[in-house]
Amino acid sequence: FLLLLFLLTFMNSCTKKSDETTKTDDKDKSELVVLSSEDLNESDEDILNVDYKQFYDELAPSGEWIEVTGNDIGVDLNKSAASTESELRKITLSELFGINDAYADDISFGSFFVWKPAAGLSVGVTAGEPAPSYEPYRNGQWMNTEAGWYFKAASEPEEITSHYGRWVYSPAAGWLWVPGRVWAPAWVDWREDENYIGWVPVPPSVYIVNNVVIMPPVPEERYYIVEKKYFSQPTVYKYMYKENKNKIMIKEWRRIDGVMVMNKTVINKGPDVKIIEQHSGHQVNVIKIKKVKNKGEVKYSESEISVLSPEFKKIKNKGNQKTTVNKPGKYKNFEEAKVEKDKSLEKTEEADKDKSSNKDKEKGKDDDKGKNEDKDKSKDNSKDKSKEKNDNGNKDDKSKGKNKLGDDSNMKDGKNKNNDKSDNDKGKQDKGNDKGKK
C-alpha cells in the first residue's frame, strides 16, 4: 500500500512537471535570438529552428516552395545533441516508470520546406525545344576572391542559393534547394586532372566539421566538367564537357581542397590560381569580398563584390521542435510536385514526338517533292527524247528528199547525155552518106 501510494504521488509530480515543461517550451519557442555571423556550427536541426522567412519571400517569385520530409528527397537527416538527450530521457522514464512526460512522444524530424527553381532559370535552351531542368552552379562565372573561388550567378535567386544552403537531386522533382544560414563563396566539392576541372554541389546534412567539409560519395554524372583554359569564362556552361561522362573516371581524379574555415572565415579554396592562369593565358585578379545586410546594397565591380549576409534568428530553446519557425506564404506538398514533374515529362515527350513527327512529315514532303521532281525530269527527258527523235526523223526525211532530188537530177543528166550521144551518132552517119555520094 505504501509503495502504491509512493508511485501515485511520484506520477502526479512527474505529470505536473511535464505540463510545466511543455508550457515553458511553448513560451521559449516564440522567443527568437539573433545568431552571430561567426557562428558556423550548422546542423540539420537548423532547418527547423532557424527563421528563413527572408529566403521564403525572396525566392518565391522565381520558383515554388515544397513541403517535404527527409524520406521524400532521399536525405537521412541527423538529430542534434539536444534531440539525442531528449531521446535518452524518454527511454529512461518510460522503461523505469512507464510514465509519459514531455519527452516521451515519438520524436521525428518533421517536415520542412525546399525551393524548386522555375524552368525559366535554366540555360542552354535551343529555340523550339523544351526547356531543360535547372542545374545549380552552371549559369555563371568563377571569380577569384580573397575568400577563394566565388560563383557569381546570373540572377538574384541564384546568388542566394549559390552561397547558402545545400542542393539535392530528386528523381521525382529535380534539383531542390535546402535552406542554410552559413555563407560560403560556393558550396561545392572539387576534382581535377591535368587538363580538366570538375565540381559538384555539396548535398544536405553535410557541414563544416573541424574546419573542413568531409564530402560523401556523389554520382559521377552530377559533376560539371570543363577544361582549365575555359574555367574563368563569364558563361562557363558553354564550355562544359557534354559527351558521355562515363568515359571520364572522375573518381580517379585528384580531390582538391574546397570549403573550409581559415581565420574564422569560410573560404572555397578550389583549383590553383597559377595553374588556371597558365592554361587560360591571362592573369586572374583577386577581388575583395564585402558583406552587406540589405539586398539593395549588393553590387559588383572589377575590384570588389558586395554580397548579401542577412541576419538570422533562431529559437531560444530547441526542445522537441517538429515544425519550422515560419512557413512560405504559398507552398505545395511533395506529391503535387511529383505530379507536375510527371506532367512536365509528358509534355517533353509529346514535344519530342511532335518534333519527330514533324521531321518525318518534312522528310515525307521532301521525298514526295523529290519524286515529283523525278517525274518531271522523266517527262522532260521523254519530251527531249521525242523531240530529238522527231528532229532526227526530219533530218532523215530531208536527207532522203535531198538524195531523191539528187537522183532525179542524175536521171535527167543521164537522159541528156544519151540524147547527145544519139545526136553525135546521127551526125557521123550523115557524114558517111555524104562521102558515099561523093
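**Entry 1: a starting question**

Leaving aside its neighbours within four places in sequence, which residues is Trp199 in contact with? I looked this up and found Tyr137, Trp142, Val188, Asp189, Trp190, Arg222, Tyr223, Tyr224, Val226, Phe231, Val236 and Met240, where contact means heavy atoms within 4.5 Å.

I note that this is a predicted model, in which local features need pLDDT of at least 70 and side-chain atom pairs count only at pLDDT 80 or more, while totals for chains, interfaces and linings use all residues. Residues are numbered from 1 along each chain as its sequence is written, and side-chain values use heavy atoms, with hydrogens and water left out.

**Entry 2: the chain as a whole**

I counted seven helices and 20 strands in the protein chain; helices (H or I, at least four residues) and strands (E, at least two) are DSSP runs, numbered from the N terminus. Of its 438 residues, 36% are buried, a term that stands for under 20% relative accessible area, with exposed for over 50% and partly exposed for what lies in between (1.4 Å probe, protein chains only). The protein chain exposes about 27200 Å², of which carbon and sulfur atoms supply 48%; accessible areas come from the Shrake-Rupley method with a 1.4 Å probe, and for residues only the protein chains shown count as cover. When I took the contacts between residues at least 6 apart in sequence, 70% turned out to join residues at least 24 apart.

**Entry 3: the nonpolar cores**

I then asked which members of the largest nonpolar core touch the most other members. Among its 65 residues these are Tyr137, Trp142, Trp177, Trp187, Trp190, Trp199 and Phe231, and the largest share of this core, four residues, comes from β5. Another core, of 16 residues, lies apart from it and includes Leu48, Leu77, Val114 and Ala337. A nonpolar core is here a set of buried Ala, Val, Leu, Ile, Met, Phe, Trp, Tyr and Cys residues joined through side-chain atoms within 4.5 Å.

β8 runs antiparallel to strand β9 (residues 196–201), to which five bridges join it, and two strands pair if DSSP finds at least two bridges between them. The partner of Val188 in β9 is Pro201, and a hairpin connects β8 to β9 through three residues. I also found three bridges between β8 and strand β13 (residues 254–256), again antiparallel, with Trp190 opposite Ile256.

**Entry 5**

Strand β4 (residues 140–145) is largely enclosed by the rest of the structure, because five of its six residues are buried. β4 and strand β5 (residues 148–153) run antiparallel and are joined by six bridges, and they form a hairpin with two residues between them. Thr145 has Gly148 of β5 as its bridge partner.

Lys269 sits in the loop between β15 (265–268) and α6 (273–280) and counts as partly exposed, with a relative accessible area of 44%. Leaving aside its neighbours within four places in sequence, I see Lys269 in contact with Trp149, Asp257 and Gly258.

**Entry 4: helix α5**

Is helix α5 (residues 156–163) mostly covered or mostly uncovered? I found it mostly covered, with seven of its eight residues buried, namely Pro157, Glu158, Glu159, Ile160, Thr161, Ser162 and His163. These buried residues pack against α3 (53–59), β3 (112–117), β5, β6 (166–170), β7 (174–178) and β17 (299–300). Just after α5, Gly165 takes a positive phi of about 70°.

**Entry 5: a three-stranded sheet**

β17 also belongs to an open sheet of three strands in the order β16-β18-β17, with mixed pairing. β16 (288–292) and β17 stand at the edges with a single partner strand each, so one side of each is left without a neighbour in the sheet. β16 pairs with strand β18 (residues 304–308) in the parallel sense over five bridges, and Lys290 has Ser306 in β18 as its bridge partner.
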